[in-house]
Amino acid sequence: MAARTRSPPCRRLVLLFALLGVLWEARAKQIRYSVPEETEKGYVVGNISKDLGLEPRELAERGVRIVSKGKTQLFSLSPRSGCLVTTGRVDREELCAQSAPCLLSFKVLVEDRVKLYGVEVEVIDINDNAPKFEAENLVVKISEIAAPGARYPLPEAVDPDMGTNSLQSYQLSPNRHFSLHLQTGDDGTINPELVLERSLDREEEPTHQLVLTASDGGDPRRSSTALIRVTVLDTNDNAPVFDQPVYRVKVLENVAPGTLLLAVRASDPDEGANGKVTYKFRKINDKQSLLFHLHESTGEMTVAKNLDYEECSLYEMEIQAEDGGGLTGRTKVVIMVEDVNDNRPEVTITSLFSPVREDAPPGTVIVLFNAHDQDSGKNGQVVCSIQENPSFKLENSVDDYYRLLTAQILDREEASEHNITVTATDRGSPPMSAEIHITLYVADINDNPPAFSQTSYSVYLPENNPRGTSIFSVTAHDPDDSENAKVTYSLVENTFQGAPLSSYVSINSDTGVLYALQSFDYEQFRDLQMQVQASDSGQPPLSSTVSLTVFLLDQNDNAPKILYPSLPTDRSTGVELAPRSAEPGYLVTKVVAVDRDSGQNAWLSYRLLKASEPGLFTVGLRSGEVRTARALLDRDALKQSLLVAVQDHGEPPLSATITLTVAVADSIPDILADLGSINTPADPDSDITLYLVVAVAVVSCVFLLFVLALLALRLRRWHASHLLRAATSELTGVPASHIVGVHGVQTFLQTYSQEFSLTPDSGKSHLIFPQPNYADTLISQESCGKSEPLCSSAEPRFPIDDTPLVPQAPPNTDWRFSQAQRPGTSGSQNGDETGTWPNNQFDTEMLQAMILASASEAADGSSTLGGGAGTMGLSARYGPQFTLQHVPDYRQNVYIPGSNATLTNAAGKRDGKAPAGGNGNKKKSGKKEKK
């Protein structure tokens, strides 16, 4: 309870201190000066820079200036001295009339602080005006029967100065009939009166001349005079008397001209001309005489011109009534002009801080303006407001000054300019309002990095593109303005395949267009990844990156490459062996080809373009297997030539061809026996034109010359060879004419001279030459007669036992093919077309090594070619873990010359015969080994 009883006094004390603080702050910000009137231009009023706590040079730097309410500015700031000086003549009487003191108020704005300081300058009066009578000549009529002591009012002099500089006294020239009496009114004015001291006699002296002098109290003293002529009249003993000593009237300022304000009335009991009263203004200034009109006979006072409360709200004047006998009476009229709400509020922008940075903190002053109304009272009270806008707020600063502030951080990207409408409304009835429109521009800052339309880009480019090709165009948008929105593009430094990324592609820094600096090859790489950076030109610059991947599209730019049968170094074709006992469907050989392209461009198909005997052989469309189409007959030629084409499915398709030579015989001796009976088959195309025959003949001659030169070169090398000694005795009975120039047998021996059996037990005894030797011809009887190391003995010098002369090193059991290295289309088993062939040289060499290893194992008679299901016969050599799960089955790709078996059990069962190189025919095998 005690606390509650003490609460009201505490609150009052707090409010009192707060009020004192506000008053002290307001007084601290008020600066007062004084200046005498009538000073010249440039007169120093005061050192305002010192009073503001600034140096003179800081006035311009801080934007210090004078703001007023639209009136003529009488003062200015001197930027050199920092003083407040006058801009022209200062007249107190013109500015303040009879108001005392004469104070001129204005505001000084310090823009960088956004603070207003009130300044009051008091204009000190000087005695620059002398008293002045309204009329310099005055006629006073006095009846001769007037009793001594009668008083007659005299005209007053007017002095616009104030204080001691104003009218102080009157003096009357000496006269024995009259004296001067001064009467002081309630408002301090001095009214002179003429007092009759002695009776007048019209017959003795009809007129009297008097001089009235009015003086002020200034230094120096100023005065003026009026000449008074007193006329002595015959008897008129009553002066006019007004009904009221003072007439007061209130009038609205918006009354129309001609409106009746009041009617004064004075009565005179005399008769005739002495009782007739006329009215006129007695004490009125020039401005008032223009605003009002007084009827001389009726005393009605009307409005002559429009009144304005803002110019003058109170008019005082005297009206004099005079009868025909010259007697006068006077009264005072006070007209009070009432204000009406006829002025709209006026809004004057003092300071506008535009543009404003978009990162300006909340509370930043944008506009400082003044709102005032010339009306008074509630009609002059102005309230300002703005349209609802969450970004801005309005505060009342000092008196009728307002500040427009930011309420939150602006974003130029949302709105680059703001149109703000300020409405000023007075409290009159009906209220009047005025609007001003402020356009605020928001200055951009670099607060937004460039943004790409996508998080990543994918570009598809066909390979083999020309250098300088435009790949793609990236575009980044920066919502900032001007330099902050200028975007430049660049590539993030990186390396690709050991080379700088800039050696592959480049980008236009202005347009973002990406160019290829090289012709890309799908077989070298399939995609190219990079980072594109977009940077603006702001300070500091902002940037963003986006990933771009260029995917190469494969073009059919690689022709199929035939891996098997491979061409020898002398570009002659190999010979494949087909036994005459072969049944239809017998696998003669298989063409293995790959294409470095991918997809449809690497999908291969095989065709038999031309055969020496059509209908004898067929080629698998997808597998490339060369098989017999029918059973071989005795009339079939020993040598069969097949032209096989391998073609991909690209656009346009590319192809490769190979010529296969098939020897139709069960063994090499059979080939040699049938050499003499080789007849050139008739040309099925005998009906070709003469030009084609001539062309073929010329080409054949050139080819024959080439073969002869090649055979001569091979024969010369043969004399130095030491690799075919064991075959000398078997070949001495064969005429050289049967062998030399036979292309098929020569090529056959060239192809398979690397490995053959020397003993009937071919499964254990091998003669393996480390390097292949290519004999140009078979050894003749004559050549063996020479004493050469190779033919010196019919008995072989090589030891034939169960141990090979050149022991083979076991292959590396860790050698495997990965899933990606497994061959596809042309090398898959059972016509599977879904795989792909190895695409590089290393994989191809590994495949060839495996094929040779499989061929070596298949040539071993003691080993079955199948070797078990799914092993390709390699499990015995490479271990049971080496199965088709690790290595693709290439058994269809391998053909063992002189054998009708392939590297599959199915092939062996299909043929129904033991392998030619096995234990089924030891005698024939023995001949082969000797050869």
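Rings of Phe, Tyr and Trp (for Trp, the six-membered ring) count as a pair if their centres lie within 6.5 Å; planes under 30 degrees apart are called stacked, over 60 edge-to-face, and the rest tilted. The model on screen is predicted, so local features need pLDDT of at least 70 and side-chain atom pairs count only at pLDDT 80 or more, while totals for chains, interfaces and linings use all residues. Residues are numbered from 1 along each chain as its sequence is written, and side-chain values use heavy atoms, with hydrogens and water left out.

**Stop 1: an aromatic cluster**

Select F496, Y504, F520 and F525, which form one aromatic cluster. A pair of aromatic rings is described by the distance of the centres and the angle of the planes.

Now keep F242 and Y279. The structure holds twelve aromatic pairs. In the pair of F242 and Y279, the ring centres are 6.0 Å apart and the planes stand at 50 degrees, so this pair is tilted. F242 is in strand β17 (residues 241-242) and Y279 in strand β21 (residues 278-283), so the pair ties together parts 37 residues apart in sequence. Strands here are DSSP runs of E with at least two residues, and helices are runs of H or I with at least four, both numbered from the N terminus. F242 and Y279 are both buried, where buried means under 20% relative accessible area, exposed means over 50%, and partly exposed lies in between (1.4 Å probe, protein chains only).

Y504 sits in the loop between β40 (499-500) and β41 (505-507), and F525 in the loop between β42 (513-516) and β43 (527-536), so parts 21 residues apart in sequence are tied together. Y504 is buried, with a relative accessible area of 7%; F525 is buried at 7% relative accessibility.

**Stop 2: salt bridges**

A salt bridge is a side-chain nitrogen of Lys or Arg within 4 Å of a carboxyl oxygen of Asp or Glu. A search of the whole structure finds 20 of them.

Select R151 and E193, whose side chains meet in a salt bridge at 3.5 Å, N to O. The two belong to distant parts of the chain: R151 is in strand β10 (residues 151-153) and E193 in strand β14 (residues 190-196), 42 residues apart.

Next, select R412 and D444. Their closest N and O atoms are 3.1 Å apart in a salt bridge. R412 is in the loop between β31 (401-406) and β32 (417-426), and D444 is in the loop between β33 (433-443) and β34 (451-452), 32 residues away. Both residues are buried.

Then show R357 and D359, a salt bridge with its closest N and O atoms 2.9 Å apart. D359 is partly exposed at 35% relative accessible area, and R357 is partly exposed at 48%.

To end this stop, select E38, R89 and D91, which are linked in a network of salt bridges.

**Stop 3: a nonpolar patch**

Switch to a surface view and select L690, V693, V694, V698 and V702. They make a nonpolar surface patch of about 450 Å². Patches consist of residues with over 30% relative accessible area and no salt bridge; like charges are joined within 9 Å, and nonpolar side chains (Val, Leu, Ile, Met, Phe, Trp, Tyr) within 5 Å. Accessible areas come from the Shrake-Rupley method with a 1.4 Å probe, and for residues only the protein chains shown count as cover. V702 lies in helix α7 (residues 690-718) and is exposed, with a relative accessible area of 53%.
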